[in-house]
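Please look through the structure below with attention to how its chains meet and how its side chains pair. The text after it takes these topics in turn.

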Amino acid sequence: MTLDPVARAAIVAALGPDDVVDDPVQTRAYECDGLTGYRVRPEIVLIPRDAEGVARAVKACHRNGVPFVARGAGTGLSGGALPVADGVVISLARLKRVLEVDPVNRRAVVEPGVTNLEITAAVAAHGLYYAPDPSSQQVCTIGGNVAENSGGAHCLKYGFTTNHVYSMEVVLPDGELVTLGGDSAEQQGPDLRGVFLGSEGTLGITTKITVRLLRTPETVRTLLADFPSVAEAGEVVSDIVAAGIVPAAVEMMDTLAIEAAEEAVHAGYTVGVPAALVVELDGPIEQCDTEFAQVKAICDAHGCTRLHIAGSPEERAAIWRGRKAAFAAVGRISPDYFVQDGVVPRTRLAEVLGRIADMGDEAGLRVANVFHAGDGNLHPLVLYSAAAGETERAEELSGAIAELCVELGGSLSGEHGIGTDKACSMPKMYGEEDLAVMKRVRDAFDPEGICNPGKVLPTPRLCGERPGKYRPHPLEESGVIERL
Amino acid sequence: MTLTALKPASLKEAREAVLDTTGRISIAGAGTAADWGGRLGPVDAVLDTTGLSGVITHNPGDMTVSVHAGTPLRALQEQLAEHGQHLSFDAARVAAGATVGGLVATADAGPSALVHGTLRDLVIGTTTLLSDGAVVRSGGHVIKNVAGFDLSKLLHGSYGTLGVLVEVVLRLHPVPKAIGTVVVECGLADAARLAGEVLASQLEPTAVEWLSSGRLLVRLDSTEEALPARLDRLTRLLGDGASVASGSSEASGQSGAGADVWAEHAALTRGDGGAAVVRIGVKPSLLPGVLEALPASTVSAGLGTGVATVSVPGRAVAEAHAAVHAAGGTSVLRCRPADLGAPAWGPPPSALAVLKAVKQRFDPDGRFGPGRFDPWEIS
Amino acid sequence: MTTPAGSADTNLPQTGPSAFDAHHPPSRELLDDCVHCGFCLPTCPTYQLWGEEMDSPRGRIYLMDLAQKGEIGLDGPLHQHIDACLGCMACVTACPSGVQYDKLLESVRPQLERNVKRTPADRMFREAIFALFPYKRRLRLAALPGALYQKLAAVPAVRRLAAKLPGRLAALESLLPPVTVREAFATLPVHTSAVGERRGRVALLSGCVQDVFFHRVNEATVRVLSAEGLDVLVPRDQQCCGALELHAGREDPALARAKRTIERFERLDVDHVVTNVAGCGSSMKDYAHLLADDPEWAVRAKEFSARVRDVHEVLAELGPRAPRSPVPARVAYHDACHLGHAQGVRAQPREVLRSIPELEVLDIPEAALCCGSAGIYNMIMPEAADELGRRKADNVRTVEPTVVVTANPGCLLQIGKHLKDGIGGALPLLHPVQLLDASIRNVPVPRS
């Protein structure tokens, strides 16, 4: 199967020669995103400069029935930007203008290639910031954040991308430019903006995004606390929640993750302690002070071995730098690793961590844990050595951990998305009918199935004839939900 | 032709009811928003969801709850309050017994949407019954979840045209330990100016609303210890006319000091009996201008959200749609005089074709909620 | 979990013999360190300019990896995209996984120089550059007022270029500022004694471009070091350290210069070999690595590199002693890539500047982004360099400085060129030690 020459010529002609890459070697640089386990070389990479260029590119693909995949910074960890063989990649890397900053209405209009952190940089002078803060925020783009509905450390209090986008200009899979959402918090009719957000690039390509900005909090208090065990740290989280406190962020790292992060950024973490919590509160001073005192007391009550309170913005930044670099930093303590992303109800954190440790022992592999403890979003990092032939075992363990999350009433993914990586696991979480109806949504936007095909929903081609026998969801078994 | 009344008590019964009935169906909850949106076309049956009621599961430690969609939110809140939790949602019609499903389907919201968003931001999972009997679950029981398409968003604001919400999973928040409201007696222009100052400050108000009775309300959710100091700073910022509201007679879903002013807010949002009630949303900075131009008899206006509810004479509805859309906003007709022929919606959104395609795939025979999106001709 | 496509093996398969030759190919371990996370993208100047994966650090590593795995040749895209790299090493700073892109580039560039044939025009231009820059004598000729080609006609490589491609020679000339005859031919004293109690003894590398075009910086450096209590030696017969050639992948001449420099300095009884040029410091600190497998030189290179310091490192470590007079100025400090990224020297220059009373140090937005100078880059890739230069100048202007300082002659020339156009054109552009020198001597801040 190769790309029809007529189609190729039409697609290449959609943009100027400087905006097209079709050399068979150069296009290989696009064959994977942040998940390198899957590689497919695209036939053509189009790099338009504006929304109209994106629309022309999509129209050309649509007219010729050629599948296309949108790509932002290519930092995704689920293979959401994996190209399609003989297909087209549309890179949004050149749509990187901040079009408008509106401090009065606390919003900004940006192009999709603007990075998450650049938004905050562009509005900071007005005392505003963009709240969702995925760990890769200095590089990941807002267009990718929209596609993945990205979260971040602070989404416990502030929510996800979907809670911070008023509207998007979108190129639909047939090349039409439309706007989803509107100018106020309320929209009219079914929330198409909401279903598009997090659809992993399968419903169209965003070309302009109006994001909601928040006023920077009056004060931010950040503490780093060491604990004698992961379980104690977990109880601190429960007690904070039970006290009616909604922290801006509660992050937990285990001993391996601490070691890696500290080696990478020297942020002042204690190497060797079993668990560390980063707790951050923000808001009006009076409020923050009273709640911060409560949090400190809770930490002490659970045998906190060291409590470090960030004394300056630099110290706070260092703590976060350590936390945010933790994934990639694991590369320093292991030749290879898989990053997993699953969610469990917060109350089952201790249980899931115990089970993960047992599973790691059984597989003879180390598992480092970095996670958003406030919302139960785990990021177990399975460490292995490909050279030692551990790849398959590691992959199995990583997959089993994600499925364990579902078993405990959680989700296959909290923020990295389903993409290519987990499409075939979707039947573990959803029934056939659920997936069939999701497919109806996809068909409504993209009847030809050319917009990032093969992602999110399992297909027979990728996952075998049937997506596996349906197994009742654990919630169903326990009578929490019912199925007919 | 007689109207068939369907009142299932379980998902199974609901599915059977939909499959066993031929023709068009209107989905109803407590009936608190029966005439919102487009005028319902002729239907063969009414599916009453109030039999699908009650909490399914509530684990306080997880701060989530799953409920049957026909559960009145007021009842749910009472139950959650025992655990110091609540759904951070304060639409006016909650007090009238509105159901969770109905509130989602009509995309209703209250003043605290400024901070907590609308129900689209608080619903984390749904189970929905489609007109062909398909039952679809989306989302789940955890706050953070990006697995699969978020179908609950499509149901939000669908006015009963896409499917029957059967179960809803909600994210909860702790009930604020102390609430305080500062009131300033002032006109809209002054209120807009003051609201701008409050929103530019770091006082973090939960709600900033202006009432056509000539009051600006600013609410703070707080801890006990911090509230006095925060109220003090807010009062000073708002200037001479500002005072902390204290009235707290038994009122609509509101409690604590200052409940009375919020009861007034709810009353104004429900609207003026004989008039047409239009819900509008524009950029906050444009809201005062849009409101000034409307012949409104009552107004409640979220100066931070850009969302307002106005009562206008029936003849002014089309004009209101036009004015709001000229300002780039959105509008929908809520309650109206029985004989009013005015359109419920303004010009359709640019993605109308997608809306039609979604409707076509979810409800190909157009069974659910005919006419709700007229004049857009979605089904 | 089921695997829908391909294998989850994160490494590319070996499909054939490596395209690299056996002499220092990029090491497998270094290539495998890259996990493709993309954290390098925002700091990479060429990715910022063009938004193409192949012109990003991880894209370049990907291509190196493909070549090593036998999937692609050295000629073509790999060559093109490695050539387009400025070698600014901002990616090294940004990388959370500790990928040593500097080492990778250092091994790949010589591979390409050896194994890929350049176009005749490109070859000719590069030869002209390397026939000129490492030689103080020739640079002095070029620097004197008047037409460049006539002065340089004596150098055969330049004569050939002038005959065939006068346009590119003009581009080269536009970067070279005129200097006075006095300055061009001035020499530094071989020995300058410490003022007051002696705190140490150092040797100064005077540099090539630095000594011809920025002789005043060298003079200021000698004065400042001695004022702070150091004996300063400046060996008269020192030559180019090889930085330009090293960073361009011209391994053999670079190594020859490295050995000569080691030889010249190792016999001096000094605590440190000091340089005020970021590029020279970075290459001299790298000699240990470059010569690590040369039995005759490995130990000597290691000992030499261990003694190399940037002038700011020395000053910051000593701490201020000479009294400073106030210099009321808003000073924008530009981190030269070879100082900040390659040597990790960021805090010390700021610390040194802050030792001057009434002087405010300003950080420039997008500080990590290269100004486009990058050794010979602004001569061989003038368009990209111009774009980066304009961007840097714009960023400098946003902080409204009264003085701009940076510790590399290439950056001074490049930023100077782009600051000239537009508002703020009259800004003094200096090396930080010039400010310190003015403060210690209590004289007005020089204009250049």
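What follows covers one interface, then the cysteines, then the salt bridges. The model is predicted.

The interface is that of chain A with chain C. On the chain A side 53 residues are in contact, and on the chain C side 38. Together the two chains bury about 3700 Å², and carbon and sulfur atoms give 55% of this area. Of the area that chain A buries against chain C, 14% is supplied by A:Gln26, A:Arg28 and A:Arg39, more than by any other three residues.

Specific pairings also cross this interface. There are 13 residue pairs in polar contact between chain A and chain C, counting pairs with both residues at pLDDT 80 or more. Helix H11 (326-329), strand E16 (336-339) and helix H13 (391-407) of chain A each place at least two residues on the side that touches chain C. H13(A) gives the most, with five residues. Sorted by class, that side of chain A has 20 nonpolar, 17 polar and 16 charged residues. The number of salt bridges between chain A and chain C is three. A salt bridge joins A:Arg71 and C:Glu53, with 2.8 Å between the closest N and O atoms.

The cysteines come next. Over all chains the count is one disulfide, and this disulfide joins A:Cys424 to A:Cys463 with an S to S distance of 1.9 Å. Its S-S torsion is about -80°, so the disulfide between A:Cys424 and A:Cys463 is left-handed. The bond links distant parts of the chain, 39 residues apart: A:Cys424 sits in the loop between H13 and helix H14 (426-429) of chain A, and A:Cys463 sits in helix H16 (residues 460-463) of chain A. A:Cys424 has a relative accessible area of 6% and is therefore buried.

Why is A:Cys304 too far for a bond with the closest cysteine sulfur? The closest cysteine sulfur to that of A:Cys304 belongs to A:Cys299 and is 5.4 Å away, whereas a disulfide needs sulfur atoms within 2.5 Å. A:Cys304 is buried, with a relative accessible area of 17%. In chain C, C:Cys91 is in no disulfide, and the nearest cysteine sulfur, that of C:Cys88, is 6.2 Å away. C:Cys91 counts as buried because its relative accessibility is 8%.

Side chains of opposite charge can pair when their charged atoms come close. Over all chains, the structure has 75 salt bridges. In one of them, B:Arg219 pairs with B:Asp90, the closest N and O atoms being 3.3 Å apart.

C:Arg199 forms a salt bridge with C:Glu228, with the closest N and O atoms 3.5 Å apart. Here C:Arg199 is partly exposed, at 30% relative accessible area, while C:Glu228 is buried, at 2%. C:Arg391 and C:Glu366 form another salt bridge, with a closest N and O separation of 2.9 Å. C:Arg391 is in helix H23 (residues 382-398) of chain C, and C:Glu366 is in the loop between strand E7 (359-363) and helix H22 (377-380) of chain C. Both ends are partly exposed, C:Arg391 at 23% and C:Glu366 at 36%. Finally, a network of salt bridges links C:Asp83, C:Glu113, C:Arg118, C:Asp122 and C:Arg126.

Terms used
Residues numbered from 1 in each chain as written. Chains lettered and ligands numbered in written order. Predicted model: local features only at pLDDT ≥ 70, side-chain atom pairs only at ≥ 80, totals over all residues. Heavy atoms only, no water. Contact = heavy atoms within 4.5 Å. Buried area = accessible area lost by both parts, 1.4 Å probe. Salt bridge = Lys/Arg side-chain N within 4 Å of Asp/Glu carboxyl O. Polar contact = N/O pair within 3.5 Å; in protein donor to acceptor, adjacent residues only side chain to side chain. Helix = DSSP H or I, 4+ residues; strand = E, 2+ residues; numbered from the N terminus. Nonpolar A, V, L, I, M, F, W, Y, C, P; charged D, E, K, R; others polar. Buried < 20%, exposed > 50% of the residue type's maximum accessible area, 1.4 Å probe, protein only.
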